Amino acid sequence: MPGRDYRELAAVFVGGALGAAARAGLNSLAEPDPTRWPWPTFTANIVGAFLVGYFTTRLLERLPLSSYRRPLLGTGLCGGLTTFSTMQVETLDMIEHQRYGLALGYIAASIAAGLLAVYLATAAVRRVRVR
């Protein structure tokens with residue numbers, strides 16, 4: 001296809017592979033249990049949200065433009081690390097096991113902590129003076 005930048009696709013692929021490998025490593029630390037807090041997924045999603053805030057702000061506001069940093073770090077790495085679909089499945093499993101409070105807490109904490117992580121990362125990048 002004309003105009004397709006295969007280096008950009010490669011950046012997304014490499015970043016995605018690294019993010020997915022990190023998430024798989026986290027997931028291997030605990031067996032899934034719908035009656036308990038899913039720490040591996042929660043951790044991956046909050047760390048990923050922090051990194052999205054950090055990379056997006058840093059790449060857009062602090063560094064010279066690059067065609068490959070955002071696809072590698074934002075789309076690839078953070079996209080591979082975070083997993084909204086797993087959060088949904090875990091929440092449905094909690095509901096099926098009648099752990100309604102746990103499910104509601106998981107959803108609320110995931111959204112709140114994710115937004116806070118993005119905010120803190122963005123604020124941290126903007127706090128550093130540009131020379």
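Which residues does the UniProt annotation "transmembrane region" cover, and could you then look closely at the part that includes residues 101-125?

Guide: According to the UniProt record, an unreviewed entry, the annotation "transmembrane region" covers residues 42-60, 72-89 and 101-125; such positions follow the numbering used here, feature names are shortened, and an annotation may be inferred rather than shown by experiment. This is a predicted model, in which local features need pLDDT of at least 70 and side-chain atom pairs count only at pLDDT 80 or more, while totals for chains, interfaces and linings use all residues. Residues are numbered from 1 along each chain as its sequence is written, and side-chain values use heavy atoms, with hydrogens and water left out.

The protein chain has five helices and zero strands, where helices (H or I, at least four residues) and strands (E, at least two) are DSSP runs numbered from the N terminus. Read along the sequence, the pattern is α-α-α-α-α, and the C-alpha trace spans about 50 × 40 × 25 Å along its principal axes. Of the 131 residues in the protein chain, 27% are buried, a word that here means under 20% relative accessible area, with exposed being over 50% and partly exposed in between (1.4 Å probe, protein chains only). Among the contacts (heavy atoms within 4.5 Å) with a separation of 6 or more, 79% join residues 24 or more positions apart.

Over residues 101-125 the chain is 100% helix and 0% strand, and the end C-alpha atoms lie 36 Å apart. For another annotated span, residues 72-89, the end C-alpha atoms are 27 Å apart, with 89% helix and 0% strand.

Two neighbours of α5 deserve attention, and α4 is one of them. The axes of α4 and α5 come within 7 Å and cross at roughly 160 degrees, which makes α4 roughly antiparallel to α5. Axes are lines fitted to C-alpha atoms, for helices over the stretch in contact, and angles run from 0 to 180 degrees between N-to-C directions; angles under 35 degrees count as roughly parallel, over 145 as roughly antiparallel, 65 to 115 as roughly perpendicular and the rest as oblique. On the α4 side M87, E90, T91, M94 and I95 take part, and they meet Y100, L102, A103, Y106, I107 and S110 of α5. Within this group A103 touches T91, M94 and I95, leaving aside residues up to four places away in sequence.

The loop between α4 and α5 holds H97 and also Q98. H97 counts as partly exposed because its relative accessibility is 43%, whereas Q98, at 60%, counts as exposed. Q98 is not a glycine, and its phi is positive, near 60 degrees. Most residues other than glycine have a negative phi. From H97 to A112 there are 15 residues in sequence and 24 Å in space, C-alpha to C-alpha.

The other neighbour is α2, whose axis lies 8 Å from that of α5 at an angle of about 30 degrees, and the two helices are therefore roughly parallel to each other. From α2, T41, F42, I46, A49, F50, G53, Y54, T57, R58 and E61 join this contact, and among their partners in α5 are Y106, A109, S110, A113, G114, A117 and A121.

S110, a residue of α5, is part of both of these contacts, with α4 and with α2. At 9% relative accessibility S110 counts as buried, and it touches F42, I46 and M87, again not counting residues up to four places away in sequence.

In α3 (residues 69-81), P71, G76, C78, G80 and L81 are buried, and the buried residues of α3 pack against α1 (6-27) and α2.
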